[in-house]
Amino acid sequence: MSDIDDLVAQLAREAAPVQPAPHPLMLSLQWMGAAAIYLTVTLAVSGLRPNLPEHLHSPWFVAELVALLAVFIVTSISAALLAFPDLHQRRRLALAPVLFFAAFLLVMLYAWQADNPPAPLPVHSFECTVSITLMTLLPALWSFYSLRKYASTHPGLTGGIALLSAFSVGALWLRLHEANDSIAHVIEWHYLPMLAIGFIGLWLGRRLLKW
């Protein structure tokens, strides 16, 4: 009996203190704060679109920015909740991105209809998708690195939502930087690639976030 008591005492002395996991809201705020700094720095380097003050008086452009920002915020919170096995008892909030993506889709459809006569298409096409993807890499790497410290029971969904959140940062950057008024181009080369990004995130999540 004394041997067992000695063993328990030894294990208690050698046990390292475990730091409690942060609340999902705090985790998402860390991501959002880092993304805000990242967006500010990149816009300071690349520059804002020269006609931005004029476009801030356009209701559909402002609605697009607000809806895209809302998607980023909600996907950040959702990814943080999905990082925990029990979703922190906030299943509805974890699945809220579905509603916000639907609202974003409606905003873009109305903006497309309001673009009449349509603005001329820019001379470039897929370059926008490439630019957004490159801007996505750093926030995506940080998100996946953070998520690997947790024990998600939905690794695929977590990866997909996290990658969409990072892609939203890149999409925000390009809309604030590129002087482009063609909604058809924006839908085709800025936002439709989100579908592929979501599937890539599902694939990455199942391989990198599985435990």
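Contact here means heavy atoms within 4.5 Å. This is a predicted model: local features need pLDDT of at least 70, side-chain atom pairs count only at pLDDT 80 or more, and totals for chains, interfaces and linings use all residues. Residues are numbered from 1 along each chain as its sequence is written, and side-chain values use heavy atoms, leaving out hydrogens and water.

**Stop one: Thr158.** Select Thr158 in helix 8, residues 155-177 (helices are DSSP runs of H or I, at least four residues, numbered from the N terminus). Thr158 counts as buried because its relative accessibility is 1% (buried is under 20% relative accessible area, with a 1.4 Å probe and protein chains only). Now show its neighbours. Beyond four places in sequence, Thr158 touches Ala79, Leu82, Leu147, Ser152 and Leu209.

**Stop two: the largest pocket.** Select Phe101, Leu164, Tyr191, Met194 and Leu195. Of the 23 lining residues, these are the closest to the centre of the largest pocket. Helix 6 (97-114) gives the most to this lining, seven residues. Helix 4 (59-82), helix 8, helix 9 (183-191) and helix 10 (193-208) each supply at least two.

**Stop three: helix 9.** Select Ile183, His185, Val186, Ile187, His190 and Tyr191; these residues of helix 9 are buried. Which helices do the buried residues of helix 9 pack against? They pack against helix 4, helix 6, helix 7 (127-147), helix 8 and helix 10.

Definitions and conventions. Buried means under 20% relative accessible area, exposed over 50%, partly exposed in between (1.4 Å probe, protein chains only). On a 1 Å grid over the protein atoms alone, a cavity is a set of points where a 1.4 Å probe fits but cannot get out, and a pocket is an open set with protein on both sides within 12 Å along at least five of seven lines; lining residues have an atom within 4 Å of a point.
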